[in-house]
Amino acid sequence: MLSPAVTGESQLVPLDAANQSSGSGSPLFGLNQQALAARMAAIGEPGWRGKQLAEAIYRQRLTDLNEITTLPKPLRRRMAAEGWQVGRPAIVQVFQSVDGTERYLVKAGEQTVETVWMPEGDDGEAGDGSGSDGPPTLGAPGPSHLGTRDSDESQPGTGHHSTGAVGGNRSRATICVSSQVGCAVNCQFCLTAKLGLQRNLTAGEIAGQVISVFDRHAVEVGRDRVNLVFMGMGEPFLNYANFMAAVRLLVEEVGLSPRRMTVSTSGIVPGIERFAQESAEVRPKLAISLNAPNDRIREEIMPINRKWPIEAVMDSVRQVQLRPRERITFEYVLLAGVTDQPEHAVEVARLVRRTGLPAKVNLIVWNPGPGIAYSMPLPEAVETFRLTLAGEGIPTYLRKPRGRDIYAACGQLKRTVEG
Ligand code: SAH
Ligand code: SF4
């Protein structure tokens, strides 16, 4: 059974500043321009100070009120004295992988959540009409978990430990963002599931992960077209309001395009239905963690399938009005002997075709974790699966495992409580 938290949702609505008239130590980061203006109005300041604050914290990425020189000094002093603070979540620990990937622990109240920076992405966002397309994996080199070097891993300008700007290819970096501390969904193959749900992140804590990483890598919005994937810890659609509020902040206040953002869900049907109502101006692209060829196997590895089986998920996905060239992504974790057989690939192809949707499949080689009784698929099985699916005419990509040595890869985001 799902834990009760699966059906609930946070009542936290951090964008509503109407009844919070003063600083009182609560963070400004996470409030949109209107809410910031309301805060300023409440202390007798003109509303346009909200625009100045938004500009300072989201565009200039200032974290100290005293640095916001567009505000008069006496006002800054007063705000500081009254306990106002920017309160952007800070990176408190960095793990660097030999492949250039960085995993961060980002402070969220008493806890930390994990965020990952992949300087060259993981190919998961390729082929989706976002402009960062690489070729499908048809005929591409074998899976890189063998230690095979990926053909494009030698991009010029991207050193192993990137410290400065985004690097040679400015449109491939990807940031993987968390939406909850832990997760309630209980997928049997996922390490995050082991934590259970600890709590929902606020909009500021979700958007703050992105801005802190931008800051660290001197990302210039407009010049560097970084991809965001909401595929870190947690189920974004079980923290829907805060997740979408964060997306709106990133689009409206930071200036990012929702076409460079992808949200992944395990198939929370009411969340997908709500998502389908969002305007194209702010709606990220959608990825569904399919992970199995049929309900029987999916139920076994994703208990949530009992509540929302594959057909129900597909019905809700069909409600999303896709933009030109946009495709739905189906993620598919390959578990040895469980989901990696050639006949599974044929079934997946049939399933995807039946949706009638423009779609692609991202294959993910399962990343092992302590206490999880699955095994990694053999490289030959991965290759056969990939070729079978592609041979059935389904655009198929193999997600490159990034930062495995620092536990940054999919489903390895767990170590939250250690920070
Ligand atoms: N909760 C959301 C987003 C976070 S999980 C979701 O489930 O979609 C992001 C992706 O990582 C999902 O597609 C999930 O199936 C995959 N994943 C989870 N654990 C994994 C593991 N151990 N190895 C490989 N992929 C994993
Ligand atoms: Fe939660 Fe996604 Fe992990 Fe499932 S795969 S337990 S939904 S984080």
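This is a predicted model: local features need pLDDT of at least 70, side-chain atom pairs count only at pLDDT 80 or more; totals for chains, interfaces and linings use all residues.
User: Why is Ser97 called buried?

Analyst: Buried means under 20% relative accessible area, exposed means over 50%, and partly exposed lies in between, with a 1.4 Å probe and protein chains only. Ser97 has a relative accessible area of 0% and is therefore buried. Ser97 is found in the loop between strand S1 (91–96) and strand S2 (102–108). The C-alpha atoms of Ser97 and Tyr407 are separated by 9.1 Å, although these residues are 310 apart along the chain.

User: What makes the pair Ser97 and Asp99 a polar contact?

Analyst: A polar contact is a pair of N or O atoms within 3.5 Å; within protein, one must be able to donate a hydrogen and the other to accept it, and residues adjacent in sequence count only if both atoms are side-chain atoms. The side chains of Ser97 and Asp99 are joined at 2.9 Å.

User: How do you know that Pro293 is buried, and which residues does Pro293 touch?

Analyst: Pro293 has a relative accessible area of 3%, and is therefore buried. Pro293 sits in the loop between strand S9 (285–289) and helix H7 (295–301). Contact means heavy atoms within 4.5 Å. Not counting residues up to four places away in sequence, Pro293 touches Tyr332, His344, Glu347, Val348 and Leu351.

User: Why are H6 and H8 called roughly parallel?

Analyst: Axes are lines fitted to C-alpha atoms, for helices over the stretch in contact, and angles run from 0 to 180 degrees between N-to-C directions. Angles under 35 degrees count as roughly parallel, over 145 as roughly antiparallel, 65 to 115 as roughly perpendicular and the rest as oblique. The axes of H6 (residues 269–276) and H8 (residues 310–317) cross at roughly 10 degrees and come within 8 Å. The two helices are therefore roughly parallel to each other. Val269, Ile272 and Glu273 in H6 meet Ala312, Val313, Ser316 and Val317 in H8.

User: Which residues are around ligand 2, and how do they divide by class?

Analyst: A residue is near a molecule or strand if one of its heavy atoms lies within 4 Å of it. Around ligand 2 are Cys183, Val185, Asn186, Cys187, Cys190, Ala193, Gly234, Glu235 and Ser266. Ala, Val, Leu, Ile, Met, Phe, Trp, Tyr, Cys and Pro count as nonpolar, Asp, Glu, Lys and Arg as charged, and the others, Gly among them, as polar. This shell divides into 5 nonpolar, 3 polar and 1 charged.

User: Which residues are closest to ligand 1?

Analyst: Among the 19 residues that surround ligand 1, the closest are Gly234, Ser264, Ser289, Asn291 and Asn367. An oxygen atom of ligand 1 is 2.6 Å from an N or O atom in the side chain of Ser264, and a nitrogen atom of ligand 1 is 2.9 Å from a polar backbone atom of Asn367.

Conventions. Residues are numbered from 1 along each chain as its sequence is written. Chains are lettered from A and ligands numbered from 1 in the order in which they are written. Side-chain values use heavy atoms; hydrogens and water are left out. Helices (H or I, at least four residues) and strands (E, at least two) are DSSP runs, numbered from the N terminus.
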